[in-house]
Amino acid sequence: MICLGIEGTAHTIGIGIVEKEGDNCKILANVFHMYKPDKGGIHPRESANHHTKYFPKILEESIEKSNIHIKEIDLIAFSIGPGLGPCLRTTATAGRTLSLLLKKPIVGVNHCISHLEIGRALTKCSDPVLLYVSGGNTQVIAFMDGKYRVFGETLDIGIGNCLDKFGREVGIKFPAGPEIERIALRGKKYIQLPYSVKGMDVSFSGILTASLLLTKKEDIEDICYSLQETCFCMLAEVAERAMAHTEKEEILLGGGVACNKRLQEIVKIMAEERKAKFFCPPDEFLVDNGAMIAWTGLIMKESGMEMSIDETKVRQNYRTDEVDVKWR
Ligand code: AMP
Ligand code: MG
């Protein structure tokens, strides 16, 4: 079965075309384009306009790359939430249109869960704790009693948002994470920042404020280094606590911030120290992408979770633990 999946919850519009043969996940195409504002943060309407503009191009490119005819597609999947309202509605409209036009079934996919499912499919881990670190979301997720449950999360902003906001104030363009990673490599001195772990939750706004205050007196290299070390160790700590609590022996990374090599290193060390296994899919499947939506759509369809058009209303605040996980 072949699925065309559309991702468009926030800054990225992406289309993935994925074939499922048994348990095998075959990526036929994974094309995306990211909205990057010239200044300021992501404006939801501007980002939605970006998605509208790029959708036809990305559709054409993905079909071309996949080497299939559009008529060979068996299923349409789209990111139904959580995310920014205008972006979600644009993406859902594109999904419904394709579904009606091609006369193929449609499923709306929870974005956070799709990060976990594509990680499971591509790295072959079976029952991991997912450390999901992206722009807007930061959650520690694991499967328990029929649902994906959130064991810990940010109490304020997402880790990527923290990095991007810091970058914006010091003149680094969105997305700032990769540039902060490069600058941090030159850092030599660790400067104490307000390490904020509360049980299995984390908080980044205090660290952001403190880091910005430091820019008046410290080198940017040392601040970027300290910012990363502090935030990433917090994330490793809550992920480890969730592993201990759930007695799971696999840790999986997901979300754009997981592209960061230092974060990968820290989490890997944590895993090794507790004799657990570390998993991380390639970068193109860590950032927001259509392939993860397509794959999750396929496993949902297999367990009978296709939707009528009426059921495809977007869900801005769709929680990870609201999803009835029929496929596990
Ligand atoms: P996502 O929302 O999952 O697509 O991820 C986008 C977020 O990932 C943005 O906040 C980026 O700044 C962040 N990001 C991407 N690459 C890196 C990196 N190498 N290090 C830290 N953050 C990153
Ligand atoms: Mg994401």
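**Exercise 1.** Determine how the residues of the shell around ligand 1 divide into nonpolar, polar and charged.

*Solution.* The structure is a predicted model, in which local features need pLDDT of at least 70, side-chain atom pairs count only at pLDDT 80 or more, and totals for chains, interfaces and linings use all residues. Residues are numbered from 1 along each chain as written, chains are lettered from A and ligands numbered from 1 in the order written, and side-chain values use heavy atoms, without hydrogens and water.

Step 1. The shell holds 18 residues, the closest being His11, Ser134, Asp164, Glu181 and Gly256; a residue is counted if one of its heavy atoms lies within 4 Å of the ligand.

Step 2. Seven of them are nonpolar, eight polar and three charged. Here Ala, Val, Leu, Ile, Met, Phe, Trp, Tyr, Cys and Pro count as nonpolar, Asp, Glu, Lys and Arg as charged, and the others, Gly among them, as polar.

**Exercise 2.** Identify the protein donors of the magnesium ion (ligand 2) and state whether His111 and Asp288 are buried or exposed.

Step 3. Buried means under 20% relative accessible area, exposed over 50%, and partly exposed in between (1.4 Å probe, protein chains only). His111, with 1%, is buried, and Asp288, with 8%, is also buried.
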